[in-house]
Amino acid sequence: MEQQVQVVIPNDPAFIAVIRLAVSRMASLAGFPAGTIEEITSGVEEAVRWIVDHAFPPGVASDITLTCAIHADRFEVRIVEHGIPFDPETASPALPRCRAVMDRIAFTNRGWAGKETLLAKDCRESAHPSGSPVPPASSGPVLVRPTLPDEAVEISRCAYFSYGYSYGYERVYHPDVLKALIRSGDLISFVAVDENTVIGHAGLLFCDDPGVAEIGLGFVNPPYRSRRVFSDLMTTVVAEAERRHLVALSGQAVCTHLYSQRSARTFGMGECALLLSRYTPLRFTGIADENQVRESILAVFRYISPPEHPVLYPPKHHAGILREIYDRLGVHPPFTTDNASTDLPEKSEYSLTVEEIYRTAQISVRSIGTDLIPRLRRELARLRAGRLEAVYIHLPLTAPKSAAMVDAIENLGFFFAGLHLASTGEDLLTLQYLNNQILDYDTITVASPHAGRLKEYIRERDPWQG
């Protein structure tokens, strides 16, 4: 994996010493011997000094950005500045020290982005990785047990070893927050321990619905993934949910790979929604380190003690797929599509939550009035201007007015996502909106025919796919 450092200095010779320090340290991390490090550092200094002296008109102050990057096979230095344009074929500077040590030198005009000087040196020694290594696995037995509050930091470390800083639940990187969740009972937490070292975690997370726990925060240090540790953790967590007589379990399975989907199916969880572009790209150590695609999520669900559902009012054009989802989950709520028109109040009630870290928003509709569509149109304009990637809206299926309003909401650009299920049976229909995204559905991997059916149903209704 590429490792890089970026330094920005004024076009002032007094700051060139800062460049020397950065280049010298990065060349050392790249594995070059001491003599070569000094040669590289002097060569880069020569190039930067030439830029400071020749690239700018007298009296013009500007910045110079230098980026050092360690690749598997080379060490690169990129120098970007907004100096006077030149013809790289005829006007490149001499730079004798730089040419003597570097294997490649290139000069590029980048238009509005300025000019770039690229200096590259082949790595003939293996580069030294920076950062903390993943702890090696032992051959001893692994114990799964409840988490102690003081082990919250170990959960954060496991998330780091598995995902870096890309895990979708941002609070996992705050040990103090995790500790408070464990002590309050909002997180029922289990760890896998190898010789007193925490090497994995899974838990039950309670949010707004006390009868449904999200089974999640599941990760195992990469060297232990072949030891069934994750399976043992999930078995323990599911057993705890049953012992507590919860109504249901929910979960989120990623679509970058199939492991989490297969695990969910192993424990009897079925797909109830496909939330497109839900998270910023996730990094899976040892699985998909270079994922650059926003993460889509399959919402999964399993009833433990199904509720008595009230009558639900699905929109007629989605009633079939909704019935299929419920059938797969083993429940059969009463449906009616006889949505007799009723007078609407003037005011709607809904809440809007913007998730800046994910670049998404959630709209939860509580009641529908005549003002809903104009207000949603204004909200969408504001959210689009804020460059949010996706918006999800949740409508109560117990309200006949919801079904009557779906066509108008879909005319705004929303389309089907699935179900958000509640312990009371007062379930929600979820629609989604993608902000100027043409999604490649072939990058969404699914592990079952049911998930494939849901994906194709959604693809056919995505207005960007027409």
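Start with the cysteines: a search through the whole structure turns up zero disulfides. Cys207 is in no disulfide, and the nearest cysteine sulfur, that of Cys272, sits 14 Å away. Keep in mind that this is a predicted model. The protein has eleven helices and 17 strands, and of its 466 residues, 51% count as buried.

**Cysteines**

- A disulfide is a covalent bond between the sulfur atoms of two cysteines.
- Is Cys207 buried or exposed? Cys207 is exposed, with a relative accessible area of 57%.
- Cys272, on the other hand, counts as buried, because its relative accessibility is 4% and the cut-off for buried is under 20%.

**Overall build**

- Along its principal axes, the C-alpha trace of the protein spans about 80 × 60 × 40 Å.
- Take the contacts between residues at least 6 apart in sequence: 68% of them join residues at least 24 apart.

**Helix 9**

- Helix 9 covers residues 372–385, which makes 14 residues.
- Which residues of helix 9 are buried? They are Leu372, Ile373, Leu376, Glu379, Leu380 and Leu383. These residues cover an arc of only 120 degrees around the axis, so they lie on the same side of helix 9.
- Over on the other side of helix 9, you'll find Arg378 and Ala385 exposed.
- What do the buried residues of helix 9 pack against? Their partners are strand 13 (349–355), strand 14 (360–367), strand 15 (390–396), helix 10 (400–410) and strand 17 (428–434).

**Positive phi in the loops**

- Arg387 follows helix 9 and is found in the loop between helix 9 and strand 15. Its phi is near 60 degrees, a positive value in a residue other than glycine.
- Arg387 counts as exposed, because its relative accessibility is 67% and exposed means over 50%.
- Where is Glu195 found? Look in the loop between strand 7 (187–194) and strand 8 (197–206). Glu195 also has a positive phi without being a glycine, here near 50 degrees.
- Glu195 has a relative accessibility of 60%, so it counts as exposed.

**Cavities**

- Rolling a probe the size of a water molecule over the atoms shows where empty space is left.
- How many cavities of 30 Å³ or more does the structure hold? There are two.
- The second largest cavity has a volume of about 40 Å³. Its lining is made by Ala253, Gln261, Ala264, Arg265, Glu271, Leu298 and Val300.
- Two elements give two or more residues to the lining of the second largest cavity: helix 7 (259–266) and strand 12 (295–303).
- Helix 7 supplies the largest share of that lining, with three residues.

Conventions: Residues numbered from 1 in each chain as written. Predicted model: local features only at pLDDT ≥ 70, side-chain atom pairs only at ≥ 80, totals over all residues. Heavy atoms only, no water. Disulfide = S-S within 2.5 Å. Buried < 20%, exposed > 50% of the residue type's maximum accessible area, 1.4 Å probe, protein only. Helix = DSSP H or I, 4+ residues; strand = E, 2+ residues; numbered from the N terminus. Expected span 1.5 Å × (residues − 1). Arc of directions from axis to C-beta. Contact = heavy atoms within 4.5 Å. 1 Å grid on protein atoms, 1.4 Å probe; cavity = no way out; pocket = protein on both sides within 12 Å on 5 of 7 lines; lining within 4 Å. Points joined across faces, edges and corners; volume = space filled by probe spheres on them.
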